[in-house]
Amino acid sequence: MKRSLLFKSGWMLCMVAIATSCGKYLDVVPDNVATIENAFALRAQAQKFLYTCYSYMPRHGSLGDDPAIAGGDELWSIEGRGAYVFLAKGQQKISGPYGDRWGQYYRALRDCNIFLENIDKVPDIEEYERDRWIAEVKFLKAFYHFYLVRMYGPVPLIKDNLPIDADVNAVKVVRNPLDECFAYIVQLLDESIGSLPDEITDPTRELGRVTRTIAYAVKADALVLAASPLFNGNPDYTTLVNPDGTALFPAAYSEEKWRLAARACKEAIDYAHAMGHSLYHYRPAFQQYDLSDTIKTQMSIRNSVAEKWNPEIIWANTLAVTDGLQALMTPFLDPRNLDITITRGELSPPMKVVEMYYSDKGVPITEDKSWRYADRYQLQEAGDSEKLHVKKGYVTARMNYNREPRFYAHLAFDSGIWYGQGRYDDKDFNNLFYIEAKFRQRNGIGKDGFNTVTGYYVKKLIHFENVIGTTGNSYSITSNPWPIIRLADLYLLYAEAENEVSGPNEEVFKYLDLTRARAGLEPVAASWTKYSTNPGKYSTREGLRQIIQQERLIEFAFEGKRFWDIRRWKRGVELLNQPIVSWDLTQERAENYYRPVVLFSQTFGSKDYLWPIDETNIIVNRNLVQNLGW
């Protein structure tokens, strides 16, 4: 469905209004008991309270609400564009932390508990519906606890609301040990699964509400997090204890956690398959054009994220649509409209993300025997064989040649082809849009309203049917809810967990290679054997772990996964202390433009793996211990 940027659904406004609530962290049940009783006097009123529980869902993909978009190292923003720039620059603080969700999700848990305590009072509701609503709210309790644990580590578990007359000391809760937190999350998910629907049968009214498939997927995600190095026997946190001396982190590594995670991932995959989920493959709607395999593969990659409710999407957040982000990321493509300012081309991948993508042989560019990594900044003119990747006759860096299909589906660059946005015939390649990103060019810096930060642009999240108007300041956006989990996510989580349990085996390669095949790549074993300088890398647990992790970073680039994956893998100190590098954007000539320039030197320490608890909460409740280093 196309919509203008100013359009907002009435349903979303309703949900936002419902979300408004007062109270501080761990408030007890409100004194106005009559209000609570009225909220559950009839089915219609209780349903509003159900939506209140949903309304706390994070706004994935929002620059102002989601730290995973611009708070790490995957996208670099223009100075002054939001608080998460400061997070990316290592300027987190303990007073009003950037991205703090502590109070928000404890209010959410309070409302979830109010719902569960009162839903049995509703007289005019069928038993099956009551059971479904209870299951949905238990799922939400699990998810909100999961989100808190991912951010803060061990947290207080709020299983029930405290009574109005609770002693003040009862309110001063302590953090539960990490293993208890994950056990409770899994318990809630298991309790919810049996009463959740297999699928949404009334899409007009219910899209976005949770299903059994979603619960299985979140359980898999939670158990992989529990098994990952950050939380599984991490020696850095052995000194984090409660005031009574209770250790909050497990001291010993447990392979059993990976085994549980692998089992949950496979269960989620099997159930998703049974419900008809599959990897997305593009079927051209433009029958008048006989598209090349090159563009078909690119569209399979792009639309797996941008095509709403496609069969790969397991869970999408209907409270987080992509309109604003698409407008902010889309560069000024159409030279016929010189006045448009609604598209900007902001948020740019730095050079280390660009280099992360494989060569066209499906191996890292640092390992490809035929890809000249040392010459990646040298210039090359595009010939006929590159015409669907680079504008024929134009010059760009060798960095942009001979790369895998996801590189061209996800990224745009100076002289790079941009398929879609009203131009769909790839046989007429001279008519396809392309980028001009040098100083004061159409997509370069030096002009008001048109910006890039590194010289690269994100193509992946932009729906190919968006159309920039040829007259007037208009941009028609094909919107989609933010995809939280898609089937490829489960495939790669399962491959990761299974490799940790058993090492390289048929199951690991099956799901890893399915994801690569959709991206137009050969299987791992074939690619590394034929093309890598380290041909045996895939045959060891450690080598395959590196391959799986790079596969995840590429496959889910710009979807908010990298931010959390780097942390759970405990690779932040390695990856987030590398400089943010761009091309020399102030240059007009290619030989000067294609020089690397350091924009910022990031710093990341051990304390940055977890959020600090706002010091106000520590002052109010001395039973809460602060995360180490803060």
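**Chat: a helix pair and the nonpolar cores**

Trainee: How do the axes of H11 and H12 cross in this one?

Mentor: It's a predicted model, and in it the axes of helix H11 (residues 212-227) and helix H12 (residues 255-274) come within 8 Å, crossing at roughly 160 degrees. Angles over 145 degrees count as roughly antiparallel, so that's what H11 is relative to H12.

Trainee: Left-handed or right-handed crossing?

Mentor: The H11 and H12 crossing is left-handed.

Trainee: And which residues of H11 and H12 meet?

Mentor: On the H11 side you've got, among them, Tyr 216, Leu 223 and Val 224, and the H12 side includes Trp 258, Leu 260 and Tyr 271. By type, the contact of H11 with H12 divides into 15 nonpolar, 1 polar and 4 charged residues.

Trainee: Switching to cores. How many residues are in the largest nonpolar one?

Mentor: That core has 177 residues, and Phe 139, Tyr 144 and Trp 315 have the most contacts inside it. Helix H7 (residues 127-152) gives the most to this core, 15 residues.

Trainee: What does Trp 315 touch?

Mentor: Leaving out residues up to four places away in sequence, Trp 315 touches partners including Met 57, Phe 139, Phe 143, Ile 214 and Trp 482. There's also a second, separate core of 13 residues, with Leu 291, Met 299, Phe 429 and Tyr 434 among them.

Methods:
Residues are numbered from 1 along each chain as its sequence is written. This is a predicted model: local features need pLDDT of at least 70, side-chain atom pairs count only at pLDDT 80 or more; totals for chains, interfaces and linings use all residues. Side-chain values use heavy atoms; hydrogens and water are left out. Axes are lines fitted to C-alpha atoms, for helices over the stretch in contact, and angles run from 0 to 180 degrees between N-to-C directions. Helices (H or I, at least four residues) and strands (E, at least two) are DSSP runs, numbered from the N terminus. Angles under 35 degrees count as roughly parallel, over 145 as roughly antiparallel, 65 to 115 as roughly perpendicular and the rest as oblique. A crossing is left-handed if the near helix is turned anticlockwise from the far one by less than a right angle, and right-handed if clockwise. Contact means heavy atoms within 4.5 Å. Ala, Val, Leu, Ile, Met, Phe, Trp, Tyr, Cys and Pro count as nonpolar, Asp, Glu, Lys and Arg as charged, and the others, Gly among them, as polar. A nonpolar core is a set of buried Ala, Val, Leu, Ile, Met, Phe, Trp, Tyr and Cys residues joined through side-chain atoms within 4.5 Å. Buried means under 20% relative accessible area, exposed over 50%, partly exposed in between (1.4 Å probe, protein chains only).
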